[in-house]
Amino acid sequence: MIDKSLSDIFWVLITAGMVFMMQPGFLCLEAGMTRAKNSINVAIKNIADLGICVIIYWMFGFALMFGAGNSGIIGSTHFFVSFENAEPWFSSVFLFQMMFCGTAVTIISGAVAERMRFSGYLIATIIVSAFIYPVFGHWAWGGLFGGAEGWLAKLGFVDFAGSSVVHSLGGWAALAAALVIGPRQGRFPKDGAKSKKIPGCNLPMSMLGVLLLWFGWLGFNGGSAFAMTENVPGIIVNTILAGAAGIGSALALGWFLFRYPAVELVMGGGLAGLVAITASSNAVDPVFAIIIGAIGAIIMLSARLLLERLRIDDVVGVISVHGAAGAWGAISVALFGNAKTIATGLSWLKQLQIQVLGCVVCFILSFGLVYLLLSIINRFFPLRVTEEQEHIGLNVAEHKESTEILDLLTVMDKQARLHDLSLRAPVEPFTEIGQIAELYNRVMNSLQEAEAKTSAIIRTAVDGIVTFLKDELSIISINPAGESIFGYPEGSIVGRPAAILFDGQGLKNGIGEAIFNKPVSMPVDKSGVSHHEALGKRADGAIFPMEVIVSEVDSGDETFYVGTFRDITERKLAEESQKKYNDDLSKLADKLAVTNKELEAFCYSVSHDLRAPLRAINGFSEALLEDYIDKLDEQGTDYIHRVCAASQRMGQLIDDLLTLSRITRSEIKMELVDLSMLANTIIEKLRECEPERKVKVIITDNINAKCDKRLARIALENLLQNAWKFTNKKPIAQIEFGVEENAGKPACFVRDNGAGFDMTYAGKLFAPFQRLHSNAEFEGTGIGLATANRVINRHNGRIWANAEEEKGATFYFTL
């Protein structure tokens with residue numbers, strides 16, 4: 001009969017309840033560190049394994065562990081424990097040790113979460129609780145209720161509260177199970193790339209779990225004294241100090257290595273410190289308790305990094321926390337334990353050897369036997385869920401349970417697979433997920449509305465819009481205008497190759513070869529858009545000219561092309577008519593027998609001959625205005641002003657003629673010119689001349705071109721002066737100078753919202769002395785655009801215009 005006071009019995013019962021609190025601690029820790037779609041599965045495992053452990057431990061686990069035996073290998077009494085005539089002390093210890101068994105088994109759950117079958121986990125629970133934990137427990141702690149000590153205990157192995165017996169044993173069993181079932185999908189990419197972290201759904205819940213475990217640990221270590229003695233306060237203090245040291249050590253080392261305070265390392269460090277001190281909490285000073293806890297956290301982090309390098313998926317980190325730190329805790333007994341308290345009579349070195357032996361035996365028994373048994377079972381009864389079940393989550397796959405977030409994800413997944421924008425997520429009011437679902441439904445409403453508008457635009461568009469796959473170049477969809485252009489019945493063209501839309505020659509410049517010979521991609525410009533002219537082929541075989549604009553679209557899952565097809569038959573006819581008109585003009589110029597060179601020479605000569613008399617006229621007119629203005633009547637003064645104005649216009653005309661004649665003869669000096677800066681300078685001078693005008697000017701910065709700076713200034717000056725002049729009747733005048741893509745190439749432009757002109761007369765825009773507006777409306781000589789045209793031609797460039805009467809004009813040019 002063991003003599004224990006009621007206070008001792010009461011203490012053991014209280015601490016048994018505290019150890020029981022570790023079970024909800026594990027539940028919160030693991031549920032928070034796994035994804036929401038598996039949280040229910042993780043929680044039910046922690047409840048189910050406790051129920052199974054309790055029954056099995058009562059049936060024969062306690063007998064194998066603490067039953068009397070002579071061999072030191074296994075106990076042989078107390079099967080199906082009866083408490084009818086049992087002492088209160090015996091019942092109290094049974095309850096306390098039963099909670100220990102539950103703790104050892106539930107450790108496995110954290111490593112195999114999110115991919116192990118519930119039935120497979122129950123098998124692992126039975127293996128560990130029915131045999132492995134009781135057998136190793138007998139080797140280390142046997143003989144408590146009579147009979148021989150366990151063989152490890154006889155050798156001098158010491159583990160006060162279970163760093164190895166409970167924690168290492170559970171950690172090594174978890175390692176075996178994790179190896180048998182393999183990592184989660186996506187955790188370690190098959191191409192050998194860096195591992196991907198899979199975040200948990202609720203880290204604050206996990207932190208609550210850590211605190212619950214810490215509270216339970218006070219009973220775990222304090223109750224292992226089996227009495228309320230004077231040593232219990234010291235045991236509890238050492239436990240708290242080691243846990244705190246583990247937190248500090250993991251926080252500092254993690255911050256140093258990863259440059260941020262990692263939440264999971266802080267939680268794991270605290271638990272590793274608690275695990276490490278468990279074996280020696282009754283036999284070390286507080287300083288050593290801190291050292292043991294700090295080193296335990298370092299070992300935990302090292303093991304964690306090693307497991308990741310070996311591509312072993314430990315969801316919650318139980319292998320590194322319980323397995324590795326638990327082994328360190330058992331070894332630290334020899335390094336820091338008080339010899340009198342341990343009372344084995346062994347030397348320091350001999351004690352260290354025995355402690356290492358105990359750790360090795362624990363690993364061999366727990367890891368080896370669990371790995372062997374689970375591997376055999378897995379061959380006939382798969383322990384892992386299917387890929388589909390893992391994808392949808394074990395809450396639904398295993399238990400037919402769901403959560404708000406899972407319902408939302410299910411709707412999203414269904415929409416992604418079926419492309420059905422009409423589906424909506426269920427909304428639970430007054431919850432965070434419900435609010436997310438409501439906002440998601442609003443987004444879907446907007447998306448469905450936008451999709452309806454886009455579909456309406458595509459259906460009513462006058463251009464053909466065709467989508468086709470990038471690799472196969474087969475047609476995915478075509479709008480009604482496209483079917484009309486190519487002459488195909490509704491729906492008959494989908495799935496056919498895009499080549500049927502083109503004639504045998506394909507696109508111009510050999511682009512068709514790039515389209516139809518895989519795997520060469522469709523040619524596109526920097527903006528991702530490809531502009532081409534091509535010969536199209538209708539269903540009846542008729543060939544017609546068309547303009548094709550092709551955009552490459554990357555939707556994430558696949559890449560496809562969107563092509564816009566426009567029938568340009570009428571435009572081509574108009575271009576041919578314009579070409580004929582231009583040819584006729586050229587023939588007319590030949591008939592006049594005046595070459596450009598002769599005309600330039602004539603202009604140059606006449607301009608010089610006219611300058612002298614014009615200077616005299618200007619001089620005398622100005623003298624009359626200055627000296628005789630008071631002697632002239634009103635009519636005479638008006639005549640003098642008219643003479644001055646006419647002579648100034650004539651002088652400007654002569655200057656323009658000289659500029660026009662010099663452009664062809666002058667030498668081109670190429671350099672990199674900032675056209676934006678030139679434009680700003682020109683606009684400033686125009687503002688100085690007419691400070692009362694309010695004109696909004698927009699000039700794009702950093703437009704650079706390689707050209708002759710002097711000539712570029714002349715061309716830009718004429719274009720901007722025209723824009724300034726033709727907007728003078730607008731209440732809100734606007735001029736813009738910039739660059740935009742045109743036919744796949746960059747082109748400068750000068751745009752205004754002024755008088756504009758009829759594009760019917762565009763053919764004579766750039767001819768000298770051609771004016772589309774009368775002098776009564778806008779003064780001018782008709783030489784400005786001709787001068788700009790000549791400058792741009794000297795640079796092998798091109799100038800053209802687009803305009804609408806009373807709405808403005810845009811002049812494009814390339815250099």
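Modeller: What follows is an account of that network and its pairs. The model is predicted, so local features need pLDDT of at least 70 and side-chain atom pairs count only at pLDDT 80 or more, while totals for chains, interfaces and linings use all residues. Residues are numbered from 1 along each chain as its sequence is written, and side-chain values use heavy atoms, with hydrogens and water left out.

The structure holds 20 salt bridges, each defined as a side-chain nitrogen of Lys or Arg within 4 Å of a carboxyl oxygen of Asp or Glu. One of them pairs Arg 184 with Glu 114, at 2.7 Å from N to O. This pair links distant parts of the chain, 70 residues apart: Arg 184 sits in the loop between helix H7 (163-181) and helix H8 (203-222), and Glu 114 in the loop between helix H4 (88-112) and helix H5 (118-141). Helices here are DSSP runs (H or I, at least four residues), numbered from the N terminus. Arg 184 is buried at 6% relative accessible area, and Glu 114 is buried at 1%; buried means under 20%, exposed over 50%, and partly exposed in between (1.4 Å probe, protein chains only).

A salt bridge also joins Arg 187 and Glu 308, at 3.8 Å from N to O. Its partners are 121 residues apart, with Arg 187 in the loop between H7 and H8 and Glu 308 in helix H11 (residues 286-309). Arg 187 counts as buried at 11% relative accessibility, whereas Glu 308 is partly exposed at 35%.

To answer the request, salt bridges that share partners join Arg 35, Glu 114, Arg 184, Arg 187, Glu 308 and Asp 313 into one network.

Notes
Helices (H or I, at least four residues) and strands (E, at least two) are DSSP runs, numbered from the N terminus.
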